[in-house]
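Subject: Structure for you to look at

Hi,

Here is the structure I promised to pass on. Please open it and keep it beside you while you read my notes.

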Amino acid sequence: MGGFEGHLYPGLSLFFYGLYHARLVSRALICSQPAQYPPRPPWSKGRWAKLRQVHYVGLLKILSTFVLVAQELHNISGPFVLIRKTYHARDFLYCKQWQHLTIYMTFVLSGCVDAVSQNLLPRRSAALEQAAQALGLALILPLMLSHLQGSEGVDLQSHLLFIQALFPLVLVAVAELWAPDAWQLWVMKAFLYMLTGSWLIQIGFMLYRPISGHKWMDDDKNNIMFVTTFFCWHVVVLAFLMAWIHGVSFLWYRYMC
């Protein structure tokens, strides 16, 4: 997640995943259906029967992760190794890049679970997918805390706010394992996924592509204060977006449920 593209692509992935869950939640609340069990095509026989049962969201997670890994490796100059083998200088190399790849591997794990769990009963399949999500998010949190080493000013404040959004997302994902039918958790999960995604995109613009064309100054307290203000704006705008999605879904599903 280094550079502008390293923040943009993961942010878009998280944001659209949150939109997907927001649609599921709206459908569930309007049609009185379980949000975690989206409709599946009926079981059928034939050569392509198994393919029809694949969870395409899981495949999209895997494919998008491959794009993120390719982008990360493309930005590395020189051999991508873990430890420098020079005598008296055997320290670790590319620490942040290895952290990024570890985060991406959690996406692959979640995507693989989503893709293969469709052969199980709906409730068991959803429980397995939720467990994979919770495990992946629980691994991302300490990596992001370690990622703050050497950061300061706008960079530090923006990533602290990202962790502030990520931490309740981890709590919601873990709580969902024990209360899978709580609609409040469904709503919070969709909202927090969109918040982490949109804020990650915002970090990319603030640090690497500022709209003003001028770099944010770390020694300017006004800049650091506006980082927090922008984060609050994201919260408010996404709350309105959740309400808009629910309103449009109500008009759509009221005649289809």
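Lys-189 is buried, at a relative accessible area of 1%. The cut-off for buried is under 20%. Keep in mind that this is a predicted model.

Which residue does the side chain of Lys-189 meet in a salt bridge? The partner is Glu-176, at 3.1 Å from N to O. Glu-176 lies in helix H6 (residues 153–178) and Lys-189 in helix H7, so the bridge ties together parts 13 residues apart in sequence. Glu-176 is buried too, with a relative accessible area of 1%.

Side chains of opposite charge can pair when their charged atoms come close. The whole structure has 2 salt bridges. Arg-209 and Glu-5 form one of them, at 3.7 Å from N to O. Arg-209 sits in the loop between H7 and H8, and Glu-5 in helix H1. They are 204 residues apart, so this pair links distant parts of the chain. Arg-209 is partly exposed at 42%. Glu-5 is partly exposed at 30%.

Now the surface. Glu-152, Asp-218, Asp-219 and Asp-220 gather there in a patch of negative charge. Asp-218 belongs to the loop between helix H7 (183–208) and helix H8 (221–253). Tyr-9, Leu-12 and Phe-16 make a nonpolar surface patch, with about 270 Å² of accessible area together. Leu-12 is in helix H1 (residues 3–31).

Last, is Thr-106 buried or exposed? Thr-106 is buried, with a relative accessible area of 6%. Its place is in helix H4 (residues 95–116). Beyond neighbours within four places in sequence, Thr-106 contacts Gly-136, Leu-139 and Ile-140.

Best wishes

Notes: Residues are numbered from 1 along each chain as its sequence is written. This is a predicted model: local features need pLDDT of at least 70, side-chain atom pairs count only at pLDDT 80 or more; totals for chains, interfaces and linings use all residues. Side-chain values use heavy atoms; hydrogens and water are left out. Patches are made of residues with over 30% relative accessible area and no salt bridge: like charges are joined within 9 Å, nonpolar side chains (Val, Leu, Ile, Met, Phe, Trp, Tyr) within 5 Å. Accessible areas come from the Shrake-Rupley method with a 1.4 Å probe; for residues, only the protein chains shown count as cover. A salt bridge is a side-chain nitrogen of Lys or Arg within 4 Å of a carboxyl oxygen of Asp or Glu. Lys and Arg count as positive and Asp and Glu as negative; His and the chain ends are not counted. The place of a charge is taken as NZ of Lys, CZ of Arg, CG of Asp or CD of Glu. Helices (H or I, at least four residues) and strands (E, at least two) are DSSP runs, numbered from the N terminus. Buried means under 20% relative accessible area, exposed over 50%, partly exposed in between (1.4 Å probe, protein chains only). Contact means heavy atoms within 4.5 Å.
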